[in-house]
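Hi,

Here's the structure I promised to send over. Have a look at it first, and then read my notes below.

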Amino acid sequence: MKNQLTLFAIASLLLLQACTMAPKRTTEAPQPVPPLPVETAPVVVLQPTDWNSVTGWAEDDIRPAWDAFLRSCAVLKNKPLWQETCVQAESLQAQDGVTLRQFIESRFVPHQVLNSDGSGEGLITGYYEPLLKGSRKQSKRYRYPIYTTPDELLVIDLGEVYPELKNMRLRGRLQGRKVVPYYSRAEIEGGPGQPKGKELLWVDDEVDLFFLQIQGSGRVELENGEIVRVGYSDQNGHPYKSVGRLLVERGELALDKASMQGIKAWGQKNPRKLPELLQQNSSFVFFRELPANVTGPLGSLGVPLTPGRSLAIDPRVVPQGAPVFLATTWPNTDKRLHRLMVAQDTGGAIKGNVRADFFWGFGPDAANQAGKMRQTGKMWVLMPASYVSQGDLPLVPVAQKTCC
């Protein structure tokens, strides 16, 4: 009971603070009063449909995605909804394309993902596993630290107190007896929030380190040739802000150049402006060293990601581990990219219903594709047939508000 009351008190303090930390206005002019939200019917965000309505379903070779789904089943088979489907999938002998397609069509029902306004298109971006140069010791060359999670970082799972806030977490720290937001990027990198003694590795490029945090996992090549894999451990709780968009707003970069490659090139030309730019994204990611035998970067589901078949999604909408059919286009083209994927990861910038991040893998080509990808697309979540009869499809009001 004491622990529950403590958790309740901390969560209440953080919620109260989140509601009162409105930015100070820069003008004293009267502000217009926003209109009251209009009552509207809720939208079923996972809308059941038939296979003929899934754009491009017949075009894809689904065999690579099948291996990724079996990895998901290592976690999903412990959940009642997925248990029977995963047991059957793992025992399936023939794994040719025809057999797998028949299996999926007979045991899954496609559900189109809809936005809260009823539309079916959204933003599809890309990410990859970067390679950095680093060392286990600080030096003149290797002076940018990769930090592991600080001991003072508090993580409060609001779902434990308020079930309706499932999948929502707040992060903070204690200041005396008061719970306050955790340090921002600027405070961690050069202020009072530097987590001394929590340096995991040191790398030689601050832009590469910044993008490592955006990707969430990567490899670090040490001076002796050893490759160390690092993966997401935690985050400081601050919202993600796109520095590419900020450069466009400032007139420093054209919209078609606001890619990872464009930002890197801008940083090389403007080294003095670079630290200030990067600190505009106050979100900061902490890492952990992964075991040497891990076959790929670990997603939030806890299984290795599959290049070209793993997808990062918003878990408030799309169940982690579920197969997802994606209809989009290749980066910077109108060439169709219709592919069966598996929802095995999440991300701080991946918020919204029809919103996903396509995992391209490792290497220069993966980096190039991920950096350019900013396409529109549609998504269908494949749920076990038993899900339809349960009548538990999520409902999201058109005018939704998650806090305060």
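Let's begin at a helix start: a side-chain oxygen of Asp205 comes to within 2.9 Å of the backbone nitrogen of Val207, at the beginning of α6. That is a polar contact (a pair of N or O atoms within 3.5 Å; within protein, one must be able to donate a hydrogen and the other to accept it, and residues adjacent in sequence count only if both atoms are side-chain atoms). Keep in mind that this is a predicted model: local features need pLDDT of at least 70 and side-chain atom pairs pLDDT 80 or more, while totals for chains, interfaces and linings use all residues. Residues are numbered from 1 along each chain as its sequence is written, and side-chain values use heavy atoms, with hydrogens and water left out.

Helices (H or I, at least four residues) and strands (E, at least two) are DSSP runs, numbered from the N terminus. After α6 comes Gly216, with a positive phi near 90 degrees.

Now the rings. Those of Phe, Tyr and Trp (its six-membered ring) pair if their centres lie within 6.5 Å; planes under 30 degrees apart are stacked, over 60 edge-to-face, the rest tilted. There are 15 aromatic pairs by that rule. Trp51 and Trp57 make a tilted one, with 4.6 Å between centres and 35 degrees between planes. Ring pairs also join Trp66, Phe69, Trp82, Phe103 and Phe108 into a cluster.

Cheers
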